[in-house]
Amino acid sequence: MNFTFSDEQLLIRDMAERFFRDEYDLETRRKHQAKDGGFCRETWAQFAEMGWLALGIPEDLGGVGGGAVEMAILMEAMGGGLAVEPFLSTVVLGGSLLREGAAEDVREELLSRLAAGELLLSFAYAEAQSRYDLNDVATRARADGDGYVIDGAKIVALHAGTADKIAVTARTSGEDRDRDGITIFLIDADAPGLSVRDYPTVDGLRAGDLALEGVRVGADAVLGSVGGGLELAESVVDRAAALVAAEAAGAMAALTRGTVDYLKERKQFGRPLGDFQALQHRMTEMYMETELTRSLAYMAAVLQDGEDRAAARRASSQAKAKAGQAGRLIGQEAVQLHGGMGVTDEMPVGHYFKRLTMIDHSFGDSAHHLDRLADMEISVT
Amino acid sequence: MDLNLTPEELAFQQEVRETLRSSIPADIKRKVDLGLKLVKDDYVTWQRILNDLGWVAPGWPKEYGGTGWSPVRRFLYEEELAAASSPRLITFGLKMLGPVLIEFGTEEQKAHYLPRILSSEDWWCQGFSEPGAGSDLASLTTRAERDGDHYVVNGQKTWTTLAQYADWIFCLVRTSTEGKKQQGISFLLIDMKTPGVTVRPIQTLDGGREINDVFLENVRVPVENLVGKENDGWTIAKFLLGHERFGIAGVARSKKQMERVREIAAKETKRGRPLIEDRQFRESIARVEIELAALEMTELRLLSEEAAGRKPGPESSILKLKGTQVQQAITELLLEAVGNRAHVFDAGILEDEWPGADNDGPDLPEYAATVASHYFNWRKASIYGGSNEIQRTIIAKAILGL
C-alpha cells in the first residue's frame, strides 16, 4: 500500500498547475469559449505537446502510459483552471472506449491520432427518457447485410459538435431497459443520416443532441462486443465519474482559496470579513469537504485500474456522490460569502459554481449514486 | 498510489490478525461486541497481553518499547485491533504522557515512568480542564507554589476520565501569573495517593460514571515531578494534543461499528422484511460509508505524506473533527436500527446507584441494550480533546490563514 504520488506523478501535477496558473485565466477562458467549436485548437495542440492527450494510452499503442491516477491529477488541475477544452469527452471517455473496445487492427492508429491531437471524440449514451441509466436505450441498430442501420436520438453528448467520431449506444436486441443487447458503435461525424444540434452548456462547455436516421455503419464500427456494450459503457462511465470527481475537487479547492482570499481583503464594519468567526467556520467546512472529495476521487481513480470491478464501481459512486453534495455546498457557500460580487459574471466564483453544479448532473447526480450504493448494500450483506 | 497490500504487508496482516484473535480473552471480547461496561481489570488484562506481544505502544520509538512500524503497518494493526474486538487502549499513558516524556522528560523520568506505562503498572489520568478553563484552557487557575523542594498545589480539575482508577495524574498548573496567560503554566506529575487529592464522580446522561472532579488541596509534589522547564507547560500541552494523529479519527473502530449496524439491521424487521432490505435505511448506511471512506483515505494520505518527510501540520484537526462526526453518525444509525427497543433501560450496563438500576433486566436482544446509552455517551466525542469548534478555529487560522 502506498498513498503518495510518484515523482512522475508530481511532475505532471506541477506542470499542469503551472500551465493553468500562468496561461489560463478567466479572460483566456472567455476567449476560448468564443472560438469556433467553443474551445481553442492551439491550446489543444499544446495539450498534445505536453503529452496530456497520450495519458492512459499504453506506450505500444502510441501513448505515454499512465492510468486513472495520472488522469485524475490532470483533471484536478483542469478543474482549478476551468478548462473548456474537450479533454473529458475525447481522452477520458473516447480514449477509454477505444482502448477497451476498438478492434486491434484500428486501435493503435486511432489512439495515435488521439494522442497527437488529431482526433476529437464524443460519447453519446444519454437519451431523453434515460436519465442516468446507461441500460435505458431506445435507439435501435438493426443488422443489414454485413453492417447495421441505426435509428434513434441522443441528448447532451459532450462536445459532439466538434467530434470527428461519435460513439453511440444502440440496442441490437432486447427491450428498452434490458441490460443485454446494447452495442456501442463508433460513427463518423459526417455519416449520412447523422445530424448534431450543437449548443453551449450553462457551464461554458459545448454539447450536442443527435438525430440518427438510417445511419449505416459497417461491422467494424462496433466497439467491444455485439450485445455486450453495457459492461464497456459502465466501466468507461465509472472511470469518468471518478475523474470528474477529481475535476470537482480541483474546482472546489480553487473556489475555497478564492473565497478565503476575497474575505481577507473585503472590509466591512471596519475589519476584514475573514475576521468573523461565523464566516471562518463556514470556510473551514468548505476546506474539509474539498479534502474529503479529493481523497475519494483518488481512491476511486486508483481502483478503476484494478481487477476488482465491484470495488471500482462502489468507489466511483462514493466519489461522485460526495463530489455532487460537496460541490453544491461549496458552490453555494462561495457565492454567499462573496456577497453581491458572488452573483456577478465578472468574478470567477460563479463560473466555478456553474461547473460544479453541472458536474453533479454528469454521469449520475448524488441522488443517483446514493441509490446505486444502496443497491450495492444488498450484495454486501 | 497503490491500494494493494504487498506480500510482506499481507503476511504482517495475517500474523497480527491471528495473534490478536487468539489472544483476546472471550469475556472481554463479548463485552466489547455488545458495548457493555468495561472495568479496570478488563483494560489492564488486555493491555498486559499486548505489552507481552510488544504491541501496546506501536507509536513509541523502538528504543523505548515501540514497534518502528510504517504508517501502513500501523493502519493494518489498528484495523485488526478493532476487528478483534479490542477495548480502547487507555490513551493517557500510552498516547499522551509517554510521548511527552520521550520528548521533554529527564533520563530519570523516562527510565522510571515509561516501563510502568507499558506494563500498565501505573494508570494515568489527565488533569487539564477546570471548571473555568474548558476550550480556553490557558485560563486555568490551579496554583502550584514552590516550597523548598516541593510544589504545593491547590485547585480543581474536572471531566477527568477514569480518575477513579488512576494511580497518577499529569496536570497543567499555574506557576506564574506574569506575562501572557500561556506563559505561566507548568506540567506536573502527581501521585493520586498524595494527601489532599480527592476524586468525586460525575454522573453522565447515559448513566455512566467515567468522568470525575479531582480536587487538589495543599497537595505536596516533589520538584523532580516537573516535566520540562517551569512555565513551559503550554508548549508541552500543545505537543500532547497535536502529537498523536494515529487513530485520532477512529476509522478502524468506525468500520467495525458499521459491521454492527449491518448485523443488527439484518435481525431487526420492518414491514415484515429485514431492516437491511429497507431502501431508506440502506441509503443512510451508504451516506455514512461515503464519509467514512473519505476520512480513511484522508488519514492515510496525511500519514503517508508525513512518513515521507513532510512536517506534521494542523491537519490532525480535520481527522479529529470529521472522525467524531462519523462516529456520532454511526451511533445514530445504531439507534435508528433498534427502533422502539431503544427505550428500554438495561440495568446490567449501569452503575449501581442509577435510578432504575435495580430492575431485573428487560427481555430484549443483547445488541439493543446499549445503543441508546452509547448514543448519549458519545456526544462527548465532539467536545473533548479540543471541541470541534476549537478544531475549526485551528483550521481557519493555521491552514486557511484567517
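Two strands count as paired here if DSSP finds at least two bridges between them. I'm keeping that in mind as I go through this predicted model.

**Entry 1: strands in chain B.** I started with β7(B), residues 211-222. Which strand does β7(B) run antiparallel to? I found β3(B), residues 150-157, joined to β7(B) by seven bridges. I picked out Lys157(B) and saw that it stands opposite Val214(B) in β7(B). Then I looked up β6(B), residues 197-202, which also pairs with β7(B) in the antiparallel sense, over six bridges. Here Pro201(B) stands opposite Asn212(B).

**Entry 2: chain B overall.** I counted twelve helices and ten strands in chain B. Its radius of gyration is 22 Å, close to the 21 Å that the globule rule gives for 402 residues, so chain B is as compact as a globular protein of that length. Along the principal axes, the C-alpha atoms fill a box of roughly 75 × 55 × 45 Å. I looked up burial too, and 42% of the 402 residues count as buried. For contacts between residues at least 6 apart in sequence, 71% join residues at least 24 apart.

**Entry 3: a helix in chain A.** Next I turned to α4(A), residues 68-81. Its 14 residues reach 19 Å from first C-alpha to last, close to the expected 20 Å. Why is α4(A) largely enclosed by the rest of the structure? I checked burial, and 14 of its 14 residues are buried, so that settles it. Just after the helix, I noted that Leu82(A) takes a positive phi of about 55 degrees.

Note on methods: Residues numbered from 1 in each chain as written. Chains lettered and ligands numbered in written order. Predicted model: local features only at pLDDT ≥ 70, side-chain atom pairs only at ≥ 80, totals over all residues. Helix = DSSP H or I, 4+ residues; strand = E, 2+ residues; numbered from the N terminus. Expected span 1.5 Å × (residues − 1). Buried ≥ 20, exposed ≤ 12 C-beta atoms within 10 Å, placed from the backbone. Rg over C-alpha atoms; globule rule 2.2 N^0.38 Å. Contact = placed C-beta atoms within 7 Å.
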